[in-house]
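Here's a quick tour for anyone meeting this structure for the first time. Have a look at it below, then read on.

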Amino acid sequence: GGEVRAAIITTGDELIQPGGSLGAGQIYESNSVLVQALFEKCGTNVEAVEHCPDELPSLEAALRKSFEHDVLVIVGGVSVGARDLVKPALTSMGAQTDLWRVSVKPGKPFLFGRASQCAIFGLPGNPVSAFMTFLLFVRPAVLRMMGAREDQLSLPTSKAELTEEVQNRSDRPHYLRGRVADGRFTPVGLQESHALYGLSRANALLRIAPGKFLPKETTVPILILD
């Protein structure tokens, strides 16, 4: 148990710090703020936040410093495109990758590894995917490091009635973002993995199994986002 020291690295040439002016094909970097807030909710001290362009030397230098922490979250660059350099950088810095890709939607390109005493989590760059994979995988690990009991690791659950039918046509379990009020659950906004607006209005998640159809008024278990 005790204090957990965390570092965050965000990656991507297309990302501009909030307040800057956007050029063609650029977007604001929001993930570091998001991940920092999630860490703080867990009671974890974020000691370092760094943004890296898509180039190996700067990523390796950032990793070298970050390995001194207990937990490192890297956002973006963990997929398999030509500019997704996180995996090669981790390998060249002597880190070990234990797990790559998870069957969850949103959030498939997820990585877990280790470098000496540092636990490394690579999250997808899409903000909603980063949010989901943090809650599902990083949060319980961090709480466990801080000495939490087994029954304190998962998000609080409740039951609610669907206000509309929902369907999962994908081959992965899908966590739908929604609002629960008066015991009723309504999906909100777009359910795509870049759609932060819907997520910002959500206060609950519904996990729907692959290929599953749930008619309106079904009572379902939901996860509560505090």
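Let's start with helix 2 (residues 56-66), whose buried residues are Ser58, Leu59, Glu60, Ala62, Leu63 and Ser66. Buried means under 20% relative accessible area, exposed over 50% and partly exposed in between, with a 1.4 Å probe and protein chains only. These buried residues pack against strand 1 (5-11), strand 4 (45-52), strand 5 (71-75), helix 3 (86-92) and strand 8 (118-123), where contact means heavy atoms within 4.5 Å. Helices (H or I, at least four residues) and strands (E, at least two) are DSSP runs, numbered from the N terminus.

A word on the source: this is a predicted model, so local features need pLDDT of at least 70 and side-chain atom pairs 80 or more, while totals for chains, interfaces and linings use all residues. Residues are numbered from 1 along each chain as its sequence is written, and side-chain values use heavy atoms, leaving out hydrogens and water.

Next, the barrel: five strands close up in the order 9-12-11-13-15, with mixed pairing. Strands pair if DSSP finds at least two bridges between them. Strand 9 (residues 157-162) and strand 15 (residues 219-224) run antiparallel, joined by five bridges.

Now the aromatic rings, which pair if their centres lie within 6.5 Å; planes under 30 degrees apart count as stacked, over 60 as edge-to-face and the rest as tilted. There are four such pairs, including these two:

| Pair | Centres | Planes | Type |
|---|---|---|---|
| Phe110 and Phe137 | 4.7 Å | 40 degrees | tilted |
| Phe112 and Phe121 | 5.1 Å | 50 degrees | tilted |

Ring pairs link Phe110, Phe112, Phe121 and Phe137 into a cluster. Phe110 is buried at 3%, whereas Phe137 is partly exposed at 26%.

Terms used. Phe/Tyr/Trp six-rings, centres within 6.5 Å; stacked < 30°, edge-to-face > 60°.
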